[in-house]
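Keep the sequence and the 3D view open as you read.

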Amino acid sequence: MNVITTPKETLHLKSKLRLLPRASPAPYRSQRVQLLPLNALSNSSLTSPARIVSLSQGGGSIDLWRRYASDKFSDMGLDPGAGSDKMFNETPTSIVETLKKANSILPHVVLASTVLALLYPPSFTWFTSRYFVPALGFLMFAVGINSNEKDFLEAFKRPKAILLGYVGQYLIKPLLGFIFGLAAVSLFQLPTPIGAGIMLVSCVSGAQLSNYATFLTDPALAPLSIVMTSLSTATAVLVTPMLSLLLIGKKLPVDVRGMVSSILQVVIAPIAAGLLLNKLFPKLSNAIRPFLPVLSVLDTACCVGAPLALNINSVMSPFGAAILLLVTMFHLSAFFSGYFLTGSVFRNAPDAKALQRTLSYETGMQSSLLALALATKFFQDPLVGIPPAISTVVMSLMGFTLVMIWSNGKEQSI
């Protein structure tokens, strides 16, 4: 008599055969073996490798089913179990990951752009002043698309630090700019537009490079740095024109309404567009985001090299060294002011040193590209744009020099 067995019964019998005693170490021979229940199988478990992997978490007889199914799939040239952890847990190195790391070479790019612009100006002279505004807008868009409301909420838990950063940006820094601007005209006998250019640099918001510098030195405080820079950037639409009128207005005419409109277009609109794109279209944002670092590096290289190349005659003129000295002293004073002011206010905080470094970056690094864009658009004399052009390079090199010094100091203290 022929006996007809169903697929389930066949697998049930095979599971019994697989449980026959085998040569195993003595301590395990007395263990009780649980047979695979007949009703443990289903059509979905027979056809879905994903189901096989999930069932294995139940242990016991289910693990036996996984072993049997794995053998059968191996006979077919497949192995759904082996290597599954590796497949899901390992992230292969790809061009996307390489693009994301492009910001790590930013200091080298800034230095290389400076040297290239001084040695061979035609390499950047094609990047004329009409490109400064869209270039800066792109950097602001990159800031917006990489921002997250959770980081901001966490950083807002430290209002005292945020307020101190704002004071450094729009009180201490403009005061220093006014002092060095007057020194340029009265002590160094430089043209009035040069002094106005130094003052204009001191009136703009914080630089996004300060966020990256903080991330390299104290990653935990990077969100706080972003909040401080974003706050100074958002309010620059009103504060920068007012400060410019107060400090420069008696020396050169200042178009306040024009500055407000320009900052809205160059700063506020791109950041808002990035935030909205990140919020409403996250998949599109994720697709764009890996390419932003390398594009931002190239953008920054042009924004650093072009001002020097376009103003090479003024930079290399007899008063070029005096401008370089004044701009360097201005930034150096701003870095030190932010550091020591924070030390006096947060001397008892557990992360006082990290806060000092963060506020130093925030006070010493300004959005010199914004000052350059405003100088080329709202001041007829091209000399106003020379201090912002030099400031772009000096601020970047000094900031990343401090990154190397403080990072090495932290490693030696561990």
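A patch here is built from residues with over 30% relative accessible area and no salt bridge, with nonpolar side chains joined within 5 Å. With that in mind, and remembering that this is a predicted model, look for L111, V115, L116, L118, L119, Y120 and M316: together they make a nonpolar surface patch of about 720 Å².

## Annotated transmembrane regions

The UniProt record, an unreviewed entry, carries the annotation "transmembrane region" for residues 105-125, 131-149, 170-188, 226-248, 260-278, 290-310, 322-346 and 385-406. Such annotations may be inferred rather than shown by experiment.

Two of these stretches can be set beside the model. Residues 322-346 are 96% helix and 0% strand, with the end C-alpha atoms 36 Å apart. For residues 385-406, the chain is 95% helix and 0% strand, and 32 Å separates the end C-alpha atoms.

## Around helix α11

Q189 has a positive phi of about 55°, although it is not a glycine. Most residues other than glycine have a negative phi. Q189 lies in the loop between α10 (159-186) and α11 (192-203), and its relative accessible area of 62% means that Q189 is exposed.

Is S202, by contrast, buried or exposed? S202 is found in helix α11 and has a relative accessible area of 0%, so this residue is buried. Leaving aside neighbours within four places in sequence, S202 is in contact with Q169, K173, P174, G177, L247 and F330.

## Two salt bridges

How many salt bridges does the structure hold? There are two. Side chains of opposite charge can pair when their charged atoms come close.

In one of the pairs, the side chains of R158 and D351 meet at 2.8 Å, N to O. This pair links distant parts of the chain: R158 is in the loop between α9 (149-155) and α10, while D351 is in the loop between α18 and α19 (352-364), 193 residues apart. R158 counts as partly exposed because its relative accessibility is 28%, and D351 is partly exposed with a relative accessible area of 23%.

R357 and D218 also form a salt bridge through their side chains, again given as 2.8 Å, N to O. R357 lies in helix α19 and D218 in the loop between α12 (209-217) and α13 (222-248), so this pair ties together parts that are 139 residues apart in sequence. Buried means under 20% relative accessible area. At 12% relative accessibility, R357 therefore counts as buried, and D218, with a relative accessible area of 6%, is buried too.

Methods. Residues numbered from 1 in each chain as written. Predicted model: local features only at pLDDT ≥ 70, side-chain atom pairs only at ≥ 80, totals over all residues. Heavy atoms only, no water. Patch = residues over 30% accessible without salt bridge, like charges linked within 9 Å, V, L, I, M, F, W, Y side chains within 5 Å. Areas by Shrake-Rupley, 256 points an atom, 1.4 Å probe, with all protein chains shown as cover. Salt bridge = Lys/Arg side-chain N within 4 Å of Asp/Glu carboxyl O. Helix = DSSP H or I, 4+ residues; strand = E, 2+ residues; numbered from the N terminus. Buried < 20%, exposed > 50% of the residue type's maximum accessible area, 1.4 Å probe, protein only. Contact = heavy atoms within 4.5 Å.
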